[in-house]
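The entries below are in the order in which I looked things up.

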Amino acid sequence: MIDAVLPTYNRAPIAFDRGEGAWAIAADGTRYLDLGAGIAVNALGHANPDLVAALTAQAGRIWHVSNLYQIPEQQRLAEMLVDKTFADTVFLTNSGTEAAELAIKMVRKYWHSKGQPERIEILTFEGAFHGRSTGAIAAAGSEKMTAGYGPLMPGFRVLPWGDMAALEAAISDSTAAVMLEPVQGEGGIRVLPDEGLRRIRELCDRAGALLVLDEVQSGMGRTGRLFAHEWAGIAPDIMMVAKGIGGGFPLGAVLATEAAAAGMVAGSHGSTYGGNPLACAVGARVMEIVADDAFLAEVARKSALLRQRLEGLVAAHPEVFDEVRGMGLLLGLHCKVAPSELVEAAYAEHLLTVPAADNVVRLLPPLNITDDEIAEAAARLDRAAARLE
Ligand SMILES: Cc1ncc(COP(=O)(O)O)c(C=O)c1O
């Protein structure tokens, strides 16, 4: 008989009852050190007191009103994002997928508003993950995500990951946009080097195409800058954000320049819940904490510490690990064993990690993980690897 929960996930037989910072605690009291953070969502850890206070204060005032009215909490969060980024304007969503969907719509509307409605082709890259909507799976194009869901939405061409020659050959003055994650998350923590990102910006500028960055996983401080593209010194025209921005409360956003948002007029897009007061009150508190130079410098320092430990593990367990990948606290262990085996062995050591494609296990701790917890995580990973030898 089918489970009451639609069986689209292979779930581990673990349930959590509560959390404290980097720890997720099962009903029987077993404490798991959480290096998954809900897949890069719990940026400030579980039950963060600042976020609990922001949420409960808002919960006692008003939860939902509709975008038919002014929403001061939404306005405030949007202004904070505009203030700290390339963007002139922001649409708040409830998830990364909804952000991807709007980004795609915004590209189409842009060219429509320019009198070129036929200019629809968006160039994307293999290994991409932009969500599970019909648009997002068409953009990624992988057999795994699209099988059985055809016909797919037209207008995407998927290029080999990071292949600048392929991009140069494909891009033209009929390209609508190039869309990519600066660091592929689900695709296996694959970092596009800064020169690559700068080259893509140049090629977009030359062709007049929009650059759309998906920073759902790489954004909100995860790489040690507020957004990963800042390392390359470039800016996109449109950017998707989600995950960390809500610190665990469902929240996403599309950020855009005024020029890229040219087609988005009243009535062209909407959402019942997007930008609701509860989510935005939490998001604003996350922004206050994360969009701070001292906080981001700490992320970079902790990244170096964790990375050094991981390099040590690779050296100590050459039959299990191949290399460390990633930036900031968006790290991956490229494995010589199946990632699921390492994830299982880590469960046995009460450590949570997340598998990704390309034989990688992801380590995405809360950004405020402590130095002691990093040392503890490394010790547990060491024992997990020893189980596989
Ligand atoms: C880069 C990226 N884009 C989009 C998404 C989709 O976000 P959501 O699951 O919130 O819809 C994800 C989720 O993993 C992601 O990593």
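**Ground rules.** I worked from a predicted model, in which local features need pLDDT of at least 70, side-chain atom pairs count only at pLDDT 80 or more, and totals for chains, interfaces and linings use all residues. I numbered residues from 1 along each chain as its sequence is written.

**Domains.** I took the bounds from an automatic or database domain assignment. The assignment gives domain 1 (16–48 + 294–388) and domain 2 (51–290). I found their C-alpha centres 26 Å apart. The contact between them takes 27 residues from domain 1 and 28 residues from domain 2; I count two residues as in contact if their C-beta atoms, placed from the backbone, lie within 7 Å.

I then listed the elements that give two or more residues to the side of domain 1 that touches domain 2: helix 1 (37–40), helix 10 (293–316), strand 13 (321–327), strand 14 (330–335) and strand 17 (360–363). Helices (H or I, at least four residues) and strands (E, at least two) are DSSP runs, numbered from the N terminus. Helix 10 gives the largest share of that side, 5 residues. By type, the side divides into 17 nonpolar, 7 polar and 3 charged residues. Here Ala, Val, Leu, Ile, Met, Phe, Trp, Tyr, Cys and Pro count as nonpolar, Asp, Glu, Lys and Arg as charged, and the others, Gly among them, as polar.

I checked Leu210: beyond its neighbours within four places in sequence, it is in contact with Val107, Tyr110, Ala176, Ala177, Cys204, Asp237, Ile238 and Ala260.

**Helix 8.** Which residues of helix 8 are buried? I found Leu197, Ile200, Arg201 and Cys204, taking buried as 20 or more other C-beta atoms within 10 Å, exposed as 12 or fewer, and partly exposed as in between, with C-beta atoms placed from the backbone. Just after the helix, Gly208 takes a positive phi of about 75°.

**Helix 10.** I noted Val299, Lys302, Ser303, Leu306 and Leu310 as buried in helix 10. The buried residues of this helix pack against strand 13, strand 14 and helix 12 (371–388).

**Backbone details.** I found a cis peptide bond from Gly150 to Pro151, with omega near -5°. Pro151 sits in the loop between helix 6 (143–146) and strand 6 (156–159).

Lys243 has a positive phi of about 45° although it is not a glycine. I placed Lys243 in the loop between strand 11 (238–241) and strand 12 (252–256), and it is buried, with 28 other C-beta atoms within 10 Å.

Asp358, also not a glycine, has a positive phi near 65°. Asp358 lies in the loop between strand 16 (354–356) and strand 17 and is partly exposed, with 17 other C-beta atoms within 10 Å.
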